[in-house]
Protein chains: 2
Amino acid sequence: MNFQVQILGSNAAIPAYDRHPTAQVVSIHNKHYLIDCGEGTQMRMNTFHIKKSKIEHIFISHLHGDHIFGLVGLITSYALLKRKKDLHIYAPMGIQEIIDVHLKDYTSLYTFQIHIHIISEVGLIYENHSISIEAFPLEHRIECYGFKFQEKPLQKNIIAEKIEAYSLDFKEIVRAKNGEDIQRDGEIIPNSELTHEARAPKSYAYCTDTIALESILPIISNVDLLYHEATFMHDAVERAAITYHTTTIQAAELAKKAQVKKLIIGHFSAKYKDLEPLLVEARTVFSETELAIEGEVFEL
Amino acid sequence: MNFQVQILGSNAAIPAYDRHPTAQVVSIHNKHYLIDCGEGTQMRMNTFHIKKSKIEHIFISHLHGDHIFGLVGLITSYALLKRKKDLHIYAPMGIQEIIDVHLKDYTSLYTFQIHIHIISEVGLIYENHSISIEAFPLEHRIECYGFKFQEKPLQKNIIAEKIEAYSLDFKEIVRAKNGEDIQRDGEIIPNSELTHEARAPKSYAYCTDTIALESILPIISNVDLLYHEATFMHDAVERAAITYHTTTIQAAELAKKAQVKKLIIGHFSAKYKDLEPLLVEARTVFSETELAIEGEVFEL
């Protein structure tokens with residue numbers, strides 16, 4: 001598992017038909033990132049056998065209830081389970097107040113640190129040796145951000161037989177993986193002789209809740225996987241505009257223009273019991289579309 | 001359905017084994033009352049096909065997360081579903097602040113009134129023509145209340161054949177049901193001739209979270225159904241004391257002393273996967289004990 005996205009909740013504000021409010025786990029090189037945390041997210045993690053303790057970073061798109069009402073419950077469980085690891089929460093202004101009002105009675109139980117990182121503009125919000133995460137503004141009824149997870153360039157793959165053939169030592173292997181030629185007493189072993197190219201770094205963009213925004217095209221352009229809300233079928237395009245949401249067709253058109261490899265649509269209105277028509281409609285514009293079915297894992 | 005209790009969530013603070021945080025619906029003469037509202041309560045109502053809109057009164061025992069983290073989600077759904085009926089919430093001081101911090105972005109959506117009733121002492125907190133609801137203090141780490149639902153005396157049952165035999169008119173029927181004799185030109189038809197006795201009024205007491213309290217015995221004495229927390233098996237009696245919770249044996253002893261008809265134990269610690277040993281242990285003291293299994297309906 002190098003890079004995958006698992007859907008925990010895919011419905012819009014009103015839970016229905018056993019679909020839950022928004023949450024998903026992005027896993028990259030064995031690190032796990034939670035995006036949004038609707039009511040019941042910790043129970044969804046139980047259902048799908050996701051170890052809650054693995055989550056160290058939580059990204060909140062905006063402060064509407066269906067994206068955050070599970071957060072204080074999750075934090076409380078961490079406290080009761082005597083979590084030790086720090087927890088980082090990235091969210092728009094206002095998140096501290098929400099956590100404080102709920103958890104003031106629990107602070108004595110805290111066995112771990114919570115670090116709040118307020119998102120207020122476009123740009124890098126987190127990075128480590130293997131990924132960077134960027135926030136970008138969406139357009140909803142309140143301040144709202146999308147997130148782009150960009151894998152960093154991977155090391156080249158060393159060809160196993162060449163290690164023995166050239167008696168490469170540890171430092172030489174590291175240099176070869178980093179793309180360098182190996183120099184020995186004037187002799188040069190070209191890097192291309194020792195390694196295969198690494199696969200291209202992958203990227204994932206997450207966009208909910210929002211109207212369809214052309215302004216995000218440069219950011220989501222060519223991503224391997226795009227999650228974009230499609231709260232409504234296209235016949236409800238006016239309702240989508242009024243409520244600052246997107247339709248199937250609009251999401252698919254963005255995916256097409258951005259030339260993404262695959263689109264997942266989600267954040268379904270409770271008015272739709274059967275989701276198949278949303279999928280069919282989106283695919284008329286962009287065939288590589290999938291539904292955000294809860295529990296499903298999308299490998300990049 | 002005259003008087004029943006349906007369990008929606010029966011676990012203590014950490015959800016586990018598909019058991020959820022505390023919530024239950026008490027239904028009396030077709031009115032529905034929600035007690036506590038842990039995270040996911042609105043989804044539990046979906047699961048058990050309970051119409052959310054029927055709830056007009058919500059009683060919150062205390063402000064720990066596992067009893068309230070579902071409240072703002074439920075209120076939000078009411079707003080989005082364009083609820084019209086007033087909603088009454090009875091809870092200890094602090095509830096308004098919690099609702100306000102979450103729902104300030106939703107107030108424009110409100111199509112209904114929320115009335116907050118702060119509970120601060122023992123006594124009647126609600127009544128209508130068929131029941132009265134009393135709060136009484138429990139002893140937990142924070143301010144916490146139990147609730148007693150007391151059915152009012154029922155009207156006598158008129159004997160159908162007597163209506164014709166005596167040509168009783170509407171007003172006479174009402175008087176007979178109220179226990180009066182019927183007077184006609186000096187003739188007296190004694191009430192006992194016209195009616196059967198109504199069944200005795202029923203009562204339900206709800207006690208969580210708390211240490212085992214002898215002081216509540218006068219209130220819970222002889223109730224038809226007692227829900228009492230039993231977070232732990234009795235071997236964890238010290239842990240129960242430290243965390244201000246009750247053991248199986250303690251709950252059963254209270255039920256026995258109060259001479260209740262039936263005891264339901266609940267609020268199970270996440271340390272217990274199998275609940276059967278808790279039931280067996282409680283029944284060694286009070287045989288009429290049942291487990292609060294989610295979805296189960298207890299008829300009084």
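Predicted model: local features only at pLDDT ≥ 70, side-chain atom pairs only at ≥ 80, totals over all residues.
**Ground rules.** I number residues from 1 along each chain as its sequence is written, and chains are lettered from A in the order in which they are written. Local features need pLDDT of at least 70, side-chain atom pairs count only at pLDDT 80 or more, and side-chain values use heavy atoms, with hydrogens and water left out.

**Aromatic pairs.** I looked up the total: 22 aromatic pairs over all chains. Rings of Phe, Tyr and Trp (its six-membered ring) pair if their centres lie within 6.5 Å; planes under 30 degrees apart count as stacked, over 60 as edge-to-face and the rest as tilted.

**Chain A.** I took Tyr33(A) and Phe149(A). Their planes stand at 70° with centres 5.8 Å apart, so I log the pair as edge-to-face. Tyr33(A) is in strand 3 (residues 31–37) and Phe149(A) in strand 9 (residues 145–151), so the pair ties together parts 116 residues apart in sequence. Strands are DSSP runs of E, at least two residues, numbered from the N terminus. Tyr33(A) is buried at 1% relative accessible area; Phe149(A) is buried at 0%. Buried means under 20% relative accessible area (1.4 Å probe, protein chains only). Both residues belong to one aromatic cluster, whose members include Phe59(A) and Tyr227(A).

**Chain B.** Next I checked Phe149(B) and Tyr204(B). Centres are 6.2 Å apart and planes at 45°, so this pair is tilted. Both residues are buried.

**Charges over rings.** The charged end of Arg83(A) sits over the ring of Phe112(A), 5.7 Å from its centre. For Arg83(B), the ring is that of Tyr78(B), at 4.3 Å. My criterion was NZ of Lys or CZ of Arg within 6 Å of the ring centre and within 35 degrees of the ring normal.

Note on methods. Helix = DSSP H or I, 4+ residues; strand = E, 2+ residues; numbered from the N terminus. Buried < 20%, exposed > 50% of the residue type's maximum accessible area, 1.4 Å probe, protein only.
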